[in-house]
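Dear colleague,

Please find below the structure that I am handing over to you. My notes on what was found in it follow directly after.

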Amino acid sequence: MRIINEVNIFSYGDSSKLSSWSNVPYFFTETMIKMGIKVNRIDISPLPFAEKTYNKTILKILKLLNTNISYEYHRTFFHYILTNSKIKKTLKLFPNSNANIFLTFSFSSFKFSNKPSILFGDWTYEYLINHFQNRKAGLLEKRSIKREKINIEKSSLLLPLFPGITKIMKQEFKNKEIYYLGNVINSLYTPIEKEVLARKSGSLNLLFIGSVNYLDGAKCLLESFINLKKTYSYLKLHIIGLTEKDLGFLPDDAHCHGYLDKGIDSSKQRYYELLMDAKILINTSPKWGAFSSTIEAMYFYTPVIVSPYEEFLETFGSDILFGKYCESNTPIILSNRIKEVLDNNEYLNMCVEAHKLVKGFTWNHYIEKAIEKMQPLISKNDKSV
């Protein structure tokens, strides 16, 4: 029998809006609400004025001294103090909550409450710097990392979103309860196989989804597209998340759609139309290929071409039947991988395989497993009060 009736969920951004953090806070909170749990949504985003002022002054100076620094306002001690004050005040408003859930590893409630503190996130700040930026943290960044580690150490339960970072966290925080419960698809719709496969069978469209963080992958794809058009004159390329200004140049039959906000009906409709019509989803950015949008595309029966980055390999293995790995983010190699998918007689089987591997990544499934891990902690806490 479930003993969770009410929870506080702290997130960056308004968790009632789809636009917050790749839709994750929205789906996390909405799924719990649908399960009959009362959710108190608490936005711990930086104060807009303070963040804007910091970016125009202090951050600008820091970047002049070190262009690689990633010490944004939300990493500062000032924001840490203000947010902890907000957490403390908020907890007094909801005395009946069973647990405090943070959709970040940077904060927790251990200083202010004896209720279980559950931390959910993609990766730690230290991992961001060491792995993705391939460098050592600076003095200010080290202080922020130290604060984050204290919150992790004092938490009751850790739920990393990826298997690779879970292994790393288990090695460092040996006495903590840390679980990888699978991943999640942030989709508002359930695709109908027959309909989607019919659209893909006759599709002419290549699709890229990614922000400016994935410019390397987008530019490589543009060059490949230009090359492929010599043989496949019918091809079209659609790019979600970037503008022509970001890319600098667009060839014929390549279209940029910018950011498509699922919270806006017209943008949402356009996003899912592009997803259903996509022949292949392609993002070969090194180290990270927009995992969330990739598995959402797979859910919509779309074969994918990605770089063999660690978390994708950990999740799906080194031999995939639903697409291709592009071992180097170069136009010639990517062009060859695209040809291999376009000319594959088993294309529709690739589509079905893509969907099959991720169809269990539902938010209902994930939250059920998360609740399973939370309940013993809540039960133990109730008995000790």
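In what sense do E6 and strand E7 (residues 236–240) pair, and over how many bridges? The two strands pair in the parallel sense, over five bridges; strands count as paired if DSSP finds at least two bridges between them. Helices (H or I, at least four residues) and strands (E, at least two) are DSSP runs, numbered from the N terminus.

Please note that this is a predicted model, in which local features need pLDDT of at least 70 and side-chain atom pairs count only at pLDDT 80 or more, while totals for chains, interfaces and linings use all residues. Residues are numbered from 1 along each chain as its sequence is written, and side-chain values use heavy atoms, with hydrogens and water left out.

In E7, Lys236 is the bridge partner of Asn205. Between E6 and E7 the chain crosses through helix H9 (residues 215–228), and this β-α-β crossover is right-handed (with the strands pointing away from the viewer, the path from the first strand over the helix to the second runs clockwise).

Five of the five residues of E6 are buried, so the strand is largely enclosed by the rest of the structure. Here buried means under 20% relative accessible area, exposed means over 50%, and partly exposed lies in between (1.4 Å probe, protein chains only). Asn205, Leu207 and Ile209 point one way from E6, whereas Leu206 and Phe208 point the other way.

E6 is also joined to E9 by three bridges, and these two strands run parallel. Leu206 stands opposite Ile280 in E9, and Leu207 stands opposite Leu281. E9 is itself joined to E10 by three bridges, again in parallel, with Ile282 opposite Ile305 in E10. Six of the six residues of E9 are buried, so this strand is largely enclosed by the rest of the structure.

Helix H12

E9, H12 and E10 make a right-handed β-α-β unit. Eight of the nine residues of H12 (residues 291–299) are buried, so the helix is largely enclosed by the rest of the structure. Among the buried residues are Phe291, Glu296, Met298 and Tyr299. The buried residues of H12 pack against several elements, including strand E6 (205–209), strand E9 (278–283), strand E10 (304–306) and helix H15 (347–358); contact means heavy atoms within 4.5 Å. Just after H12, Tyr301 takes a positive phi of about 60°.

Tyr347 is found in helix H15 and, at 6% relative accessibility, counts as buried. Tyr347 touches Lys200, Ala278, Lys279, Pro303 and Val341, not counting residues up to four places away in sequence. Tyr347 and Thr302 are 45 residues apart in sequence and 9.8 Å apart in space, C-alpha to C-alpha.

Nonpolar cores

A nonpolar core is a set of buried Ala, Val, Leu, Ile, Met, Phe, Trp, Tyr and Cys residues joined through side-chain atoms within 4.5 Å. Of the 111 residues in the largest such core, Met32, Phe312, Phe316 and Ile338 touch the most other members. The largest share of this core, eight residues, comes from helix H16 (residues 363–384). Apart from this core lies another, of 11 residues, among them Ala50, Leu62, Ile129 and Ala137. Leaving aside residues up to four places away in sequence, Ile338 touches Leu206, Leu221, Ser224, Leu228, Ile280, Ile282 and Ile305.

Salt bridges

A search of the whole structure finds 18 salt bridges, each being a side-chain nitrogen of Lys or Arg within 4 Å of a carboxyl oxygen of Asp or Glu. Arg199 forms one with Asp277, the closest N and O atoms being 2.9 Å apart. This pair links distant parts of the chain, with Arg199 in helix H8 (residues 193–201) and Asp277 in helix H11, 78 residues apart. Arg199 is partly exposed, with a relative accessible area of 24%, and Asp277 also counts as partly exposed, at 22%. Glu195, Arg199, Glu273 and Asp277 are linked in a network of salt bridges.

The side chains of Lys236 and Asp253 meet in a salt bridge as well (3.5 Å, N to O). Lys236 lies in strand E7 and Asp253 in the loop between helix H10 (244–247) and strand E8 (254–258), so the pair ties together parts that are 17 residues apart in sequence.

Arg337 forms a salt bridge with Glu327, the closest N and O atoms being 2.7 Å apart. Arg337 counts as buried at 15% relative accessibility, whereas Glu327 counts as exposed at 52%.

Yours sincerely
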